[in-house]
Amino acid sequence: MRADRLVAILMVLQARGRVTAEDLAERLEVSPRTIHRDLEALSAAGVPVVAQRGRRGGWSLIGGYRTDLSGLTEEEARALFLVAGPAAATGVDVAPAAHSALRKLLAALPAHYRPAVERDRAGVHVDPAGWWQRAEQPAHLAALREAIGAGALLWMRYDHGDGPGPRRLVDPHGLVQKAGVWYLLARTEGELRTFRVSRIHDLGTAPGGSERPADFDVAAAWERSRAAFQHREEPLTVTVRVRQTALRTVRVVLRDRLVGRAEDAGAPGWMGMRMRFPSVLAAAAMLSGFAGDLEVVSPEAVRVRLRQIGARLVDAYGQES
């Protein structure tokens, strides 16, 4: 702990110039006597600290002495702040620790690095959620992160859409966030599976330890899982006509589905477009809300599904009188 405190004192002196022992003691939650001993230790180690008496006195570093405690180049420091700062907003409960670590790192950087780093830090914000969506904050995310770090096994129940299933034993290997949604990579029943964290229920620790390989690569495992899912779910291309007055709304709401323009625009005032969806059901569900502003040209299966949705809506709400 003393080594950490000595580094913290040095960073504060570099960042603030002159500080009293009382200020350091309050900041580091130790006694002024302890701070005096630490400052003497720094001096004995060759760090040029000096005390000045009087109303404006305090401890400072002689001649603007500085040391780069981080060992980072300017580009590395900027990249770290761009990644680590916004990452605190992605749902993992590490925001206070991340911001504290970045403040310490900023204080440790050479003075000529700081302006560029501060501009990057103030000029970038990451909002992981899509439009009209909120980023998921799953209840068990922090517990899963702790279990992965501790190498623990877990009991859990998983909801496939029809309610939580039976309890299963899992060996958590990693967490992945995609488009504001968190997923757990875990080994269960002899194979690596992917689980949406928000659908996990009744999480609890289990006896035994993780068998996660030391060289396990979360990113590579996720890419394999994603590729397998996309191969299973071959995307469906849908050709539509969109009323010109609704183009802006369609492009915003369905921006991730747009592929390009289609030649068949139909009557004047309409534009042909091609879109991709994971299935007929998904296409009909996403397109049905546009009603008279969008018409599906093909495939016929989507048109049939839309007719079924329309009939059910009429049955539920009745026809306009």
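The secondary structure of the protein comprises 11 helices and 12 strands, where helices (H or I, at least four residues) and strands (E, at least two) are DSSP runs numbered from the N terminus. The model is a predicted one, in which local features need pLDDT of at least 70 and side-chain atom pairs count only at pLDDT 80 or more, while totals for chains, interfaces and linings use all residues. Residue numbers start from 1 along each chain as its sequence is written, and side-chain values use heavy atoms, with hydrogens and water left out.

The mean pLDDT (the predictor's confidence in each residue, from 0 to 100) is 82 for the protein, and 81% of its residues reach 70 or more. Confidence is lowest in helix H4 (residues 74-87), with a mean of 64, and highest in strand S4 (residues 152-158), at 96. Where pLDDT is low, the predicted coordinates should not be read in detail.

Of the 321 residues, 34% count as buried; buried means under 20% relative accessible area, exposed over 50%, and partly exposed in between (1.4 Å probe, protein chains only). Contacts are defined by heavy atoms within 4.5 Å. Among contacts with a separation of 6 or more, 61% come from residues 24 or more positions apart.

Met11 lies in helix H1 (residues 2-16) and is buried, with a relative accessible area of 11%. Its C-alpha is 8.7 Å from that of Leu105, although 94 residues separate Met11 and Leu105 in sequence.

Helices H2 (residues 21-28) and H3 (residues 32-44) have axes that come within 8 Å and cross at roughly 105°. Axes are lines fitted to C-alpha atoms, for helices over the stretch in contact, and angles run from 0 to 180 degrees between N-to-C directions. H2 and H3 are therefore roughly perpendicular, a class that covers 65 to 115 degrees, with angles under 35 counted as roughly parallel, over 145 as roughly antiparallel and the rest as oblique. The contact involves Ala21, Leu24, Ala25 and Leu28 of H2 together with Pro32, Ile35 and His36 of H3. In the loop between H2 and H3, Glu29 has a positive phi near 60° and is exposed, at 72% relative accessible area.

Helix H6 (residues 114-123) has Arg114, Ala116, Val117 and Asp120 as its buried residues. Viewed down the axis of H6, these fall within an arc of 165°, so they line one face of the helix; the arc is that of the directions from the helix axis to the C-beta atoms. Exposed residues Arg119, Ala122 and Gly123 are on the face of H6 turned away from the buried side.

In helix H7 (residues 141-150), the buried residues are Leu141, Leu144 and Ala147. Their arc, seen down the axis of H7, is 125°, so they also line one face of the helix. The cover over the buried residues of H7 includes S4, strand S5 (168-178), strand S6 (181-188) and strand S8 (200-209). On the face of H7 turned away from the buried side are the exposed residues Glu146, Gly149 and Ala150.

Most residues other than glycine have a negative phi, and most peptide bonds are trans. Asp202, in strand S8, has a positive phi near 50° and counts as partly exposed at 47% relative accessibility. The peptide bond from Ser298 to Pro299 is cis, with omega near 0°. Pro299 is located in the loop between strand S12 (294-298) and helix H11 (300-317).
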